[in-house]
Amino acid sequence: MANHLFFPLLVPLVSAVLATLVSQRRVIARSIALAAVLFNLGYSIWLLLAVGATGRMVTQADDFAAPFGISLVADGLSAIMLALTSVMMLVTMLYSFSTVSPYRERYYYYPLLLLLLFGCGGAFLTGDLFNLYVWFEVLLVASFGLITLGGERGQLEGGLKYVVLNLLGSTSFLVGAGLLYGVAGTLNMAHLSERLGTLEHSGIVTAVAGFFLFAYSSKAGLAPLFFWLPASYHTPSIAVTALFGGLLSKVGIYALYRVFGTVFQRELAWLAPLILLVAGVTMVVGVIGAMAQVNVRRILAFHIVSQMGYMAMGLGLAGTVGLAAGILFMAHNIVVKTALFLIGGTAEHLSGTGELKQMGGMARREPILAGLWLLASFSLAGLPPLSGFFGKLGLIQVGLEQGQWLMVGVAAAVSLFTLFSMLKIWNEVFWKKAYVDQTGMPRASALLLAPSALLVALSIAIGFGASPVLNYSRYSAEQVFNTQRLVQDVCGSAGCEAVTSTAN
Amino acid sequence: MTFVLSLVVGTLFAGAAYLMLRRSVVKLILGMALLSHGTNLLLFLMGDGVVKGMPPFVDEATGVTPTAAADPLNQALILTAIVINFGFTAFILALAYRANQAVGSDDLDDMVETDRL
């Protein structure tokens with residue numbers, strides 16, 4: 001029993017309550033939030049190392065035996081996601097200290113961030129499908145609060161689209177979970193993977209898998225379900241955009257990896273061509289959508305969509321090596337995407353606008369910011385030796401091994417277009433002469449630059465230390481696909497079916 | 001009974017789809033509410049189907065589980081889903097009210113500011 005798995009959930013929850021109580025006193029609320037995030041960061045780094053050394057950790061809520069109660073399961077993928085969540089939460093929180101208005105801070109900004117951390121932690125740690133639904137709702141409701149906090153017109157419009165589309169996805173998730181319970185009679189992921197393996201297969205499980213595919217794709221913003229993402233992600237404050245763009249959109253991909261890698265393995269073999277098609281279309285549509293945009297954060301929002309395609313490609317390659325490449329790419333992308341939003345957001349914060357036409361001259365005014373942008377955008381486009389290169393290299397290698405020529409071609413071509421968009425922002429924001437009066441423009445303080453510098457350093461570190469990161473993502477991908485081991489870890493060596501039959 | 005209820009679920013889903021495809025925000029929200037009701041009813045139909053069963057309590061004196069007990073998990077799932085949907089409906093109503101104040105219209109086609117170049 002690894003009861004410590006409850007800590008990364010309890011600490012944010014309790015701190016969220018405390019921060020709500022003292023929300024009028026900004027300094028105390030900030031310290032509480034920061035303390036909780038630092039705790040989660042320390043814990044998740046320890047978990048990362050411990051899971052790497054000893055394997056999967058499992059605990060049962062209230063000590064109910066496995067398929068009956070609610071299991072918390074931490075494997076490599078959970079540990080990676082949990083650690084990245086904590087890092088992203090830390091940098092966005094540091095960034096919020098200097099950018100979010102005091103008005104928003106008083107109206108429960110930090111409690112909402114902590115609840116988001118709580119929801120993400122739960123989603124990454126749960127071993128139960130219905131619980132995953134509940135955790136999704138927890139993080140969704142916190143994100144609804146964050147995206148509309150401030151109540152500007154754009155936020156309300158974008159927020160409405162965000163809320164409606166996400167609720168539709170959740171409903172589909174719930175329908176899928178209900179039908180799956182009707183078919184298999186259990187919702188524990190380990191038990192499901194055991195039962196669906198032995199079940200007399202009719203088409204219904206494939207149909208149910210379709211509900212899950214719809215739900216997670218719409219949350220991840222895969223084509224053709226991505227329209228809500230570029231319509232809403234650029235509206236809230238910069239720190240929130242960075243957190244959503246970097247981290248939150250990837251929760252849908254995590255759920256795809258987890259559920260299709262573990263529960264629907266047989267369906268994955270069927271659905272892989274469809275997932276690859278969706279991945280390719282998503283890459284192309286996202287990158288072309290970005291070309292038409294003339295606002296920093298909107299361009300970056302369309303690039304989220306495009307990058308989602310690469311992560312879906314990792315799943316569509318339907319195997320341990322493909323998934324490992326996908327996990328590596330996702331880890332890289334969370335870091336770099338957040339960095340880009342923070343850097344572009346800083347330029348926007350200083351200029352007072354995100355419209356490319358009215359910006360300029362930033363390279364001369366803020367050389368450090370410009371340098372960070374270059375590094376992060378090259379990493380996103382996939383230039384060696386930055387982290388993006390190894391992420392894409394893995395995907396393309398696996399694609400070539402499987403003979404998916406078209407997919408590999410699309411992935412490589414989209415990289416070039418990504419570089420084009422990044423250079424567009426570079427030219428307009430940093431390189432060109434400013435045509436508007438910039439005399440009153442503030443300078444970037446160290447507190448504005450530090451979070452993105454931290455992330456760019458992390459991206460370079462992933463690039464130079466690619467081999468241990470790649471090994472860890474291989475290890476996690478094997479854990480996701482090895483359902484026999486999962487069943488043994490969760491339900492004991494005899495398996496979940498043995499536990500239920502003795503109980504009857 | 002299962003057949004009748006599945007027809008009801010289908011009707012609720014159809015009504016929800018119709019309402020959600022309208023341009024009015026209020027109709028959209030009503031559609032979402034109908035959809036969640038349909039989903040709850042669908043969850044109710046899962047499990048052992050709709051049968052008359054004993055309450056799923058273990059007899060404390062004898063420690064025996066009743067043989068024809070109803071499946072309690074469906075009810076638990078539905079209860080959770082109802083609570084979540086209730087909260088979301090309240091939130092989205094408030095959001096629609098504020099959006100209506102800011103935009104001055106109930107028409108989704110007027111809410112295009114975030115999509116415009």
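What share of the contacts in chain A with a separation of 6 or more comes from residues 24 or more positions apart? The share is 80%. Two residues are in contact if their C-beta atoms, placed from the backbone, lie within 7 Å.

This is a predicted model: local features need pLDDT of at least 70, side-chain atom pairs count only at pLDDT 80 or more, and totals for chains, interfaces and linings use all residues. Residues are numbered from 1 along each chain as its sequence is written, while chains are lettered from A and ligands numbered from 1 in the order in which they are written.

**View 1. Chain A as a whole.** Chain A holds 21 helices and two strands. Helices (H or I, at least four residues) and strands (E, at least two) are DSSP runs, numbered from the N terminus. The C-alpha trace spans about 80 × 55 × 40 Å along its principal axes.

**View 2. The core around Leu139(A).** In chain A, 62% of the 504 residues count as buried. Buried means 20 or more other C-beta atoms within 10 Å of the residue's own, exposed means 12 or fewer, and partly exposed lies in between; C-beta atoms are placed from the backbone. The largest nonpolar core has 216 residues. Such a core is a set of buried Ala, Val, Leu, Ile, Met, Phe, Trp, Tyr and Cys residues joined through C-beta atoms within 7 Å. Ala33(A), Leu113(A), Leu114(A), Leu139(A) and Ala376(A) touch the most other members. Leaving out residues up to four places away in sequence, Leu139(A) touches Leu116(A), Gly119(A), Cys120(A), Ala123(A) and Val251(A).

**View 3. Ala35(A) on helix H2.** Ala35(A) belongs to helix H2 (residues 26–54) of chain A. Ala35(A) has 13 other C-beta atoms within 10 Å, so it is partly exposed. Leu90(A) is 55 residues away along the chain, yet its C-alpha atom is 9.8 Å from that of Ala35(A).

**View 4. Helices H15 and H17 of chain A.** H15(A) (residues 367–381) and H17(A) (residues 405–431) pack at about 165 degrees, with axes 9 Å apart. Axes are lines fitted to C-alpha atoms, for helices over the stretch in contact, and angles run from 0 to 180 degrees between N-to-C directions. The pair is therefore roughly antiparallel. Among the contact residues are Trp373(A) and Leu374(A) of H15(A) and Met422(A) and Trp426(A) of H17(A). Angles under 35 degrees count as roughly parallel, over 145 as roughly antiparallel, 65 to 115 as roughly perpendicular and the rest as oblique.

**View 5. Helices H7 and H20 of chain A.** H7(A) (residues 189–198) packs against H20(A) (residues 483–491) at about 130 degrees, with axes 9 Å apart. The two are therefore oblique to each other. The contact includes His191(A) and Glu194(A) of H7(A) and Leu486(A) and Val490(A) of H20(A).

View 6. Chain B has three helices and zero strands. Its radius of gyration is 20 Å, well over the 13 Å from the globule rule for 117 residues, so chain B is more spread out than a compact globule. Buried residues make up 24% of chain B. The contact takes 28 residues from chain B and 30 residues from chain A. On the chain B side, H3(B) gives the most, with 14 residues.

Key:
Rg over C-alpha atoms; globule rule 2.2 N^0.38 Å.
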